[in-house]
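Keep the 3D view open and click along as you read.

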Amino acid sequence: LKTIIQTSQIQAIIPLPSRSWKARQSLLYHLSQTLLIPLLDNLLIWENLPAHRQGELCNNDQRHYNVHQQMTLNSDLQIPDGSLLLFDDYIGSGNTLKEAARAFRSNKTYKNPLIPFTIASLKWHLGKPG
């Protein structure tokens, strides 16, 4: 990860909003301190809180519609120039990361690279939520 940060010239860690990840703050703080890049914890926010956690849903269509156009950028914070590391705690359809990218791209002034990064524990079983 350190090599990716250095070669991509990542300027900040941008975590996606999460309601359930217990170790989120401590891991993000440690990552920020280790990599020597700032953590902008509230830059991405839910404009409308999704009806369900992504892990509660059974298929990618449900996950897409659950987060579709629900995320926005916090207008109180400035977007740093340069590449940003979008940090997610759920691996599934990728719809939450796509929604985060859409929120950034809706800001016409930000054109820099967005680097997706996910760290997750997999507990998925065929035909069950997760």
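Let's start with helix 3: its face turned away from the buried side carries the exposed residues Asp61 and Tyr65. "Exposed" means over 50% relative accessible area, "buried" means under 20%, and "partly exposed" is what lies in between (1.4 Å probe, protein chains only). Helices (H or I, at least four residues) and strands (E, at least two) are DSSP runs, numbered from the N terminus. One thing to keep in mind is that this is a predicted model, where local features need pLDDT of at least 70, side-chain atom pairs count only at pLDDT 80 or more, and totals for chains, interfaces and linings use all residues. Residues are numbered from 1 along each chain as its sequence is written, and side-chain values use heavy atoms, with hydrogens and water left out.

Back to helix 3, which covers residues 60–67: Arg63, Asn66 and Val67 are buried there. Why do they sit on the same side of helix 3? Because they cover an arc of only 75 degrees around the axis. That arc is taken from the directions from the helix axis to the C-beta atoms. The buried residues of helix 3 pack against strand 2 (44–46), strand 3 (71–73) and helix 4 (95–105).

What about the ends? Asn59 caps the N-terminal end of helix 3, with a side-chain oxygen 3.1 Å from the backbone nitrogen of Asp61. After helix 3 comes Gln69, and its phi is positive, near 55 degrees.

Asn95 belongs to helix 4 and is buried, at 10% relative accessibility. Setting aside neighbours within four places in sequence, Asn95 is in contact (heavy atoms within 4.5 Å) with Gln54, Asn60, Arg63, His64 and Val67.

Now find Thr72 in strand 3. Thr72 is partly exposed, with a relative accessible area of 26%.

Next, the inside. A nonpolar core is a set of buried Ala, Val, Leu, Ile, Met, Phe, Trp, Tyr and Cys residues joined through side-chain atoms within 4.5 Å. The largest one has 16 residues, and Ile14, Leu44, Ile79, Leu84, Leu86 and Phe104 have the most contacts inside it. Strand 1 (10–15), strand 3, strand 4 (83–88) and helix 4 each supply at least two residues of this core, and helix 4 gives the most, with four. A second, separate core has nine residues, including Ile13, Leu28, Ile37 and Phe87.

Finally, the rings. The structure holds two aromatic pairs. Rings of Phe, Tyr and Trp (its six-membered ring) pair if their centres lie within 6.5 Å; planes under 30 degrees apart count as stacked, over 60 as edge-to-face and the rest as tilted.

| Pair | Centre to centre | Angle of planes | Type |
|---|---|---|---|
| Phe87 and Phe117 | 5.4 Å | 35 degrees | tilted |
| Phe104 and Tyr110 | 5.6 Å | 50 degrees | tilted |

Phe87 in strand 4 and Phe117 in strand 5 (residues 114–118) are 30 residues apart, so this pair links distant parts of the chain. Phe87 is buried, at 2%, whereas Phe117 is partly exposed, at 24%. In the other pair, Phe104 is buried at 0% relative accessibility, and Tyr110 is buried at 4%.

How values were computed
A polar contact is a pair of N or O atoms within 3.5 Å; within protein, one must be able to donate a hydrogen and the other to accept it, and residues adjacent in sequence count only if both atoms are side-chain atoms.
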